Structure formats: C-alpha cells, structure tokens
Amino acid sequence: MLTLQNIICLFSMLILGLHSLNVDERKPAPDHNEVAVMKLIHLIRGDSNESIATASPQSSTTKSKTVTKRPVDFSRLDVRIGKIIAVQEIATAHNLYVEEVDVGEAVSRTVISGLVNHIPMEDLEKRKVVVVCNLKPRKMRGYVSEGMLLCANADNKIEVLEPPIGSRPGDRVTVAGYNGTADEVLNPKLKIFEKVSPDLRVNEDGVACYKGTPLEVLGKGFIKTETLRNVSIV
C-alpha cells in the first residue's frame, strides 16, 4: 500500500526525470496528417518530385513555387474545318459580313469577318473554310463573333484558306511536331494568337504552313490557297 510519503517521493522522481530530458527529446514528432496535407499542396502546385518528397510543415515555407509555362505555338489554337451555311452583310457596317458557320458542333457559330471589299458574298456561301474556334467571343455591331476565318493576304488581295478535299466540318487542323492541347479559350491578355500568327505563311507551293511545316487535316491533306503564294496568313 502506497503511503503519502511514497507518493511524494515518486512525484519528485518524475519531475527530475522530465527535467533531465533534452529539448530535442521533448519536441513532439511532426503530425503525419499535416505532412500529408503539405505534400498534397505541393503536388497540386506542380512542384518538383524532390520538393514533394521532402515536404513538411517546416520546409514548406522555404520551398519556392515551381511555375510550368506552356510553349506558345500552333497547338494552343483550336483550328477546325468549317462550312459557311449562310452569309449576309451587316447593314450598319460597310465592310463586314456575318456568317453562320458549321464547325462540327450541335449549334453553328456566328463569325464576323471584314471581307466585303475582297470576296463576293456568293463566293462564301456553302464554302468550306478554316476557322480559329477558341478566340474569346467578342461583340461587334450587335452580334457576338465566335471565331475567325483564316485567310491568305497579299497587299489588297485576300483569299480564304482552302481545306483539303474530303474534309468535313469539325475536322481538326494540325501541324506535325506540335502536339499540345489547345486552350479552351485563348486569354486575350496573353496574346497567344498574336504571337503565333507571324509564323503562319503560305509557301511557294500554295500550302499553308506554321514555321515551314504544313497545316493539315490528318489523312485528308494539306490546307492550301487558290492562287496566292509566299504570303502571310491572317
């Protein structure tokens, strides 16, 4: 049976034992759940494998965030074959058409283009064209333009690009060697299209190219122009 004196003696020994421990031994081990959460945050951020492996509550504040930048090239553009279903001039503008274009979706898109002074309306009706489909929609003259027709340009002469025979609305236009995923919608502030377009040109054979490599619909052929050669694409 423990006496009061024995209890006091045991308590004193316990106090002395705790004081004899060094600081590191008394320091609690990192909580495993907290470490797991920090590793998950690093993973979501896209940090390197090394930083994920060494992540801890203490080290997380000293690790710098790794930013992955996507290359700016043709693959960022969502370019498809389209077919103009209907076209008309905009009454409040002198140089704009409004076109209804089938790009392989459930609903056709409205596209505004400044081609009135370059291409007769009858030459556009029912015509297959090449359309950039992931530009941010913009309001123009009471309409919302949801894409842009790609054209070859030489001084004052403009021709819409010609899809290969057998292509259909919705077919993707690609460039060999550029296999990234197109942006859902191009951020206007990043000026992706403006950075890509200077490298879009028609070569001496009338083939539309990006940095010298043809634009094509896989299995069906290259994108071309009717008559223009060695000119820019806009």
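Predicted model: local features only at pLDDT ≥ 70, side-chain atom pairs only at ≥ 80, totals over all residues.
## A bridge in a hairpin

Residues are numbered from 1 along each chain as its sequence is written, and side-chain values use heavy atoms, with hydrogens and water left out.

Strand β2 (residues 97–102) runs antiparallel to β3, and the two pair over five bridges. (Two strands pair if DSSP finds at least two bridges between them; helices, H or I with at least four residues, and strands, E with at least two, are DSSP runs numbered from the N terminus.) The hairpin of β2 and β3 has six residues between the strands, and there Gly104 takes a positive phi near 85°. As for β3, four of its five residues are buried, so the strand is largely enclosed by the rest of the structure. Buried here means under 20% relative accessible area, exposed means over 50%, and partly exposed is in between (1.4 Å probe, protein chains only).

The largest pocket has a volume of about 280 Å³. It is lined by 15 residues, and those closest to its centre are Leu135, Lys136, Arg138, Phe193 and Glu194. Helix α6 (residues 192–196) gives the most to this lining, with three residues. Sorted by class, the lining of the largest pocket has seven nonpolar, three polar and five charged residues. (Ala, Val, Leu, Ile, Met, Phe, Trp, Tyr, Cys and Pro count as nonpolar, Asp, Glu, Lys and Arg as charged, and the others, Gly among them, as polar.) A pocket is an open set of points on a 1 Å grid over the protein atoms alone, where a 1.4 Å probe fits, with protein on both sides within 12 Å along at least five of seven lines; lining residues have an atom within 4 Å of a point. Points are joined across faces, edges and corners, and a volume is the space filled by probe spheres set on them.

Next comes the second largest pocket, at about 160 Å³. Its lining has eight nonpolar, two polar and no charged residues. β3 (109–113) and β7 (148–149) each supply at least two of the lining residues. Phe193 is one of the residues lining the second largest pocket.

## Two lysines with positive phi

Most residues other than glycine have a negative phi. Lys126 has a positive one, about 65°. It sits in the loop between α5 (121–124) and β4 (128–132), and is exposed, with a relative accessible area of 54%.

Lys191 also has a positive phi, near 50°. This lysine is in the loop between β10 (174–175) and α6, and counts as partly exposed at 46% relative accessibility.

Ser75 lies in the loop between α4 (49–53) and β1 (79–89). With a relative accessible area of 9%, Ser75 is buried. Its side chain makes a polar contact of 2.5 Å with the side chain of Asp73. (A polar contact is a pair of N or O atoms within 3.5 Å; within protein, one must be able to donate a hydrogen and the other to accept it, and residues adjacent in sequence count only if both atoms are side-chain atoms.)

Thr227 belongs to the loop between β14 (221–222) and β15 (231–233) and is partly exposed, at 43%. The side chain of Thr227 makes polar contacts with the side chains of Lys157 (3.2 Å) and Glu159 (2.2 Å).
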